[in-house]
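I opened my notebook to look up two things today.

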Amino acid sequence: MQRTIAIGDVHGCRAELEDLLAKVSPGADDRVVFLGDLVNRGPDSLGVFDVLATLKNWTCVLGNHEWRLLSLRGGDGKAKIRASDKELAQKLRPGDWDIIARMPITFFDPELQTVFVHGGFLPDTPWQTQPAEVVTRIQVVDEQGRPRKRSECPACPPWADLWHHETPFVIYGHTPRPQVDARPPARGIDTGCVYGGHLTAYVLPEGRLVQVPAREKYVL
């Protein structure tokens, strides 16, 4: 049976990604789905792209860090560019840019009735219609129903608390937590590897978690 292996935010943690892949051991029939934010913050963003080159069947949805890089390169002015984005953009190779440019904002598996996304969704809007600036950045929803980051609205509820749809099941990253955020309609698997936590994989269809610890704390 083909497995689908979702992997949370890597953030340049190449060594931990190699540890996790060795532990989960993707087979020739398996598919790996990265939840975005492959790059930035950690020690080896370019090395993460090198690891991808060793995989046969994989995809990666767009994260907010990749979205910022595309905005920087395209000059659309939608994203707030940071100094770390400019520094990384100067180092990225043509093949790395090709990977980022091909990233879909969501990945839907009809057989599993599961959608993979970096950040999440507004609960009262069809998920298929929501733009990159929402689905790559949302963490909470404010009183006006607008997508926000936790830092912008600490008292606002997480979007997943408001996601009452039976389908699709949502697997997402972006919001680092010490433990996997398990709710009936969603799983949040960013467990803060770059902050000294764990890098997490969620394996479907069995719903099994596989984790490896961070080798060190890269961001204080």
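I began with the residues that touch. From helix 3, I listed Glu 66, Leu 69, Leu 70 and Arg 73. They meet Trp 97, Ile 100 and Ala 101 in helix 5. I sorted the residues of this contact by class: 5 are nonpolar, 2 are charged and none is polar. I noted that the model is a predicted one.

Next I looked up the geometry. Two packed helices are described by the angle between their axes and the distance between the axes. Helix 3 covers residues 64–74, and helix 5 covers residues 94–101. Their axes come within 10 Å. They cross at roughly 110°. How should I describe the two directions, roughly parallel or roughly perpendicular? Angles of 65 to 115 degrees count as roughly perpendicular, so helix 3 and helix 5 are roughly perpendicular to each other. I also checked the hand of the crossing, and it is left-handed.

Then I turned to empty space. Rolling a probe the size of a water molecule over the atoms shows where such space is left. I wrote down a volume of about 330 Å³ for the largest pocket. How many residues line the largest pocket? I found 16. Nearest its centre lie Trp 67, Lys 80, Arg 137, Lys 149 and Glu 152. Helix 3, helix 6 (132–135) and strand 7 (147–148) each give two or more residues to the lining. By class, I recorded 9 charged, 5 nonpolar and 2 polar residues in the lining.

Notes. Residues are numbered from 1 along each chain as its sequence is written. This is a predicted model: local features need pLDDT of at least 70, side-chain atom pairs count only at pLDDT 80 or more; totals for chains, interfaces and linings use all residues. Side-chain values use heavy atoms; hydrogens and water are left out. Axes are lines fitted to C-alpha atoms, for helices over the stretch in contact, and angles run from 0 to 180 degrees between N-to-C directions. Helices (H or I, at least four residues) and strands (E, at least two) are DSSP runs, numbered from the N terminus. Angles under 35 degrees count as roughly parallel, over 145 as roughly antiparallel, 65 to 115 as roughly perpendicular and the rest as oblique. A crossing is left-handed if the near helix is turned anticlockwise from the far one by less than a right angle, and right-handed if clockwise. Contact means heavy atoms within 4.5 Å. Ala, Val, Leu, Ile, Met, Phe, Trp, Tyr, Cys and Pro count as nonpolar, Asp, Glu, Lys and Arg as charged, and the others, Gly among them, as polar. On a 1 Å grid over the protein atoms alone, a cavity is a set of points where a 1.4 Å probe fits but cannot get out, and a pocket is an open set with protein on both sides within 12 Å along at least five of seven lines; lining residues have an atom within 4 Å of a point. Grid points are joined across faces, edges and corners, and a volume is the space filled by probe spheres set on the points.
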